[in-house]
Amino acid sequence: ELKWRSAEFFLWFQEVISSPILFNRFFKGIAIALETLVVKAMSVIQNMDRSRLEEYQFRRINKILSHTGSGRPIGALKELATFPVVGKQHMRDFFNTYPPERLKNFFLVATSGSTATPVRFYLSNKVLLRRSSAIHYAMKIVGVPHHSRIFRVNFNHLPFYKHQSLYLSTRYIYQANPDDIVKKITAYDPQVLFGTVSDLILFSKFVEKNPLQCHFLAIFVMGEYLSPNQRSYFENLFNTDAYSVYGASEFGIIGQECREKDGIHINEDLVRVEVAHEGALLKNTGLAPGTIVVTSLYNTDPPLLRYSIGDVGRIVEQQCRCGLQSSRILFEGRTSEFITLSNNKKIPLFKIIASMMQARKILLYQFEQPSTEELNVKIVLSDTANEQEVLQKTKNLVLESLGDDRRLLNVFVQAVS
């Protein structure tokens, strides 16, 4: 009981303080001390028994409903399942209608997401602080000190403490003098590498030509599916473990892998995650995957209640081998990123992309699906590639994902439009 109340107190205290410690290098000592307490508090709450955790989520959701002024408090957490599932259009409508006088000390965030349709929304100081804590918690559960120095490759979507982070864009890395880049990174001596799969692949190609002297304690990959081959590539090159982090611009870090790398542990002190199928909530584990629906326990402007990011997966509540009590997400893919075949079979696009990553000497690739009866793959090869050899290997790898239906697939070399 004392641990629980202390944990709630430190999370409350983080809410009431101002955000300059996040953005000011001069508050380094205060920031480290506070984050140490907050990360411990997160660990306490996430490892409490399920009934206690749901009590905490229930109170947080009712606090948000009370703040909006239009939503009535719920009498039990299960009533949340009666709320409609909302999405990005809800966010756009909110942005256009919300009174600006309620948005003091808020930051404007804009993202195109995976749909190339802009979405704009607001984040408060307290939400930014909680998101930064999620980064530190992700480090803690894999045994990396939460105050470790972080090198962000082209990743600027989350709030990182200024005293704790070095940021370089991939454009800068490839346009600047390689020796200057190596000196800058070496001088900072980062301990953690953070970025998307695409950006880390570009950075890895740079490192292969320009070796670094620093040693990373861990690699955290966010924003894209991390395939087994990509994970192995990063781990072999940097001689450390790579972990997948699941998140979204609207929520920050929703969850992360532990050392077991067997699903995404949900940050249940920050969000409540459900799986919905055709509007109904799937409460039991082991059922068919459905739409991942997320409720933020901190966002008030806008309130994000039962918000669909567009991802498909299922929740596993059985305790992980690592010992953490939190539920896990088994991520299946994004609803907008499936290839549908003529027999109505859906193939996650990331599985085919992972196949493409195995085919060496492919510089660029593009998928086209004129109909459910046909899938075209265009590839651009490096100068040293054997065209027939790469074509055959690519076809074999993609067919493994499609189920060996050769009538569907056409692979050919062509400039990508």
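Colleague: How many helices and strands does the protein have?

Modeller: The secondary structure comes to 12 helices and 19 strands, where helices (H or I, at least four residues) and strands (E, at least two) are DSSP runs numbered from the N terminus. This is a predicted model, so local features need pLDDT of at least 70 and side-chain atom pairs count only at 80 or more, while totals for chains, interfaces and linings use all residues. Residues are numbered from 1 along each chain as its sequence is written, and side-chain values use heavy atoms, leaving out hydrogens and water.

Colleague: What share of the residues is buried?

Modeller: Buried means under 20% relative accessible area (1.4 Å probe, protein chains only). Here 51% of the 417 residues pass that test.

Colleague: Why is strand β2 largely enclosed by the rest of the structure?

Modeller: Strand β2 covers residues 119-124, and five of its six residues are buried, so the rest of the structure largely encloses it. Strands pair if DSSP finds at least two bridges between them; β1 (residues 106-111) and β2 have six and run antiparallel.

Colleague: Now for loops. Is Leu 297 buried or exposed?

Modeller: Buried, with a relative accessible area of 0%. Leu 297 sits in the loop between β12 (290-296) and β13 (307-316).

Colleague: Which residues does Leu 297 touch?

Modeller: Contact means heavy atoms within 4.5 Å. Leaving aside residues up to four places away in sequence, Leu 297 touches Gln 57, Arg 60, Ile 61 and Ile 64, and also Glu 268, Asp 269, Leu 270, Val 271 and Arg 272. Take Arg 60: 237 residues separate it from Leu 297 in sequence, but C-alpha to C-alpha they are 5.5 Å apart. For the whole protein, among contacts between residues at least 6 apart in sequence, 61% join residues at least 24 apart.

Colleague: How many cavities of 30 Å³ or more does a search find?

Modeller: Three. A cavity is a set of 1 Å grid points where a 1.4 Å probe fits but cannot get out, and lining residues have an atom within 4 Å of a point. Points join across faces, edges and corners, and the volume is the space filled by probe spheres set on them. The largest cavity holds about 80 Å³.

Colleague: What lines the largest cavity?

Modeller: Val 127, Arg 130, Arg 131, Phe 251, Leu 270, Val 271, Ser 296, Tyr 298 and Asn 299. Helix α6 (residues 125-140) gives the largest share of that lining, three residues.

How values were computed: 1 Å grid on protein atoms, 1.4 Å probe; cavity = no way out; pocket = protein on both sides within 12 Å on 5 of 7 lines; lining within 4 Å. Buried < 20%, exposed > 50% of the residue type's maximum accessible area, 1.4 Å probe, protein only.
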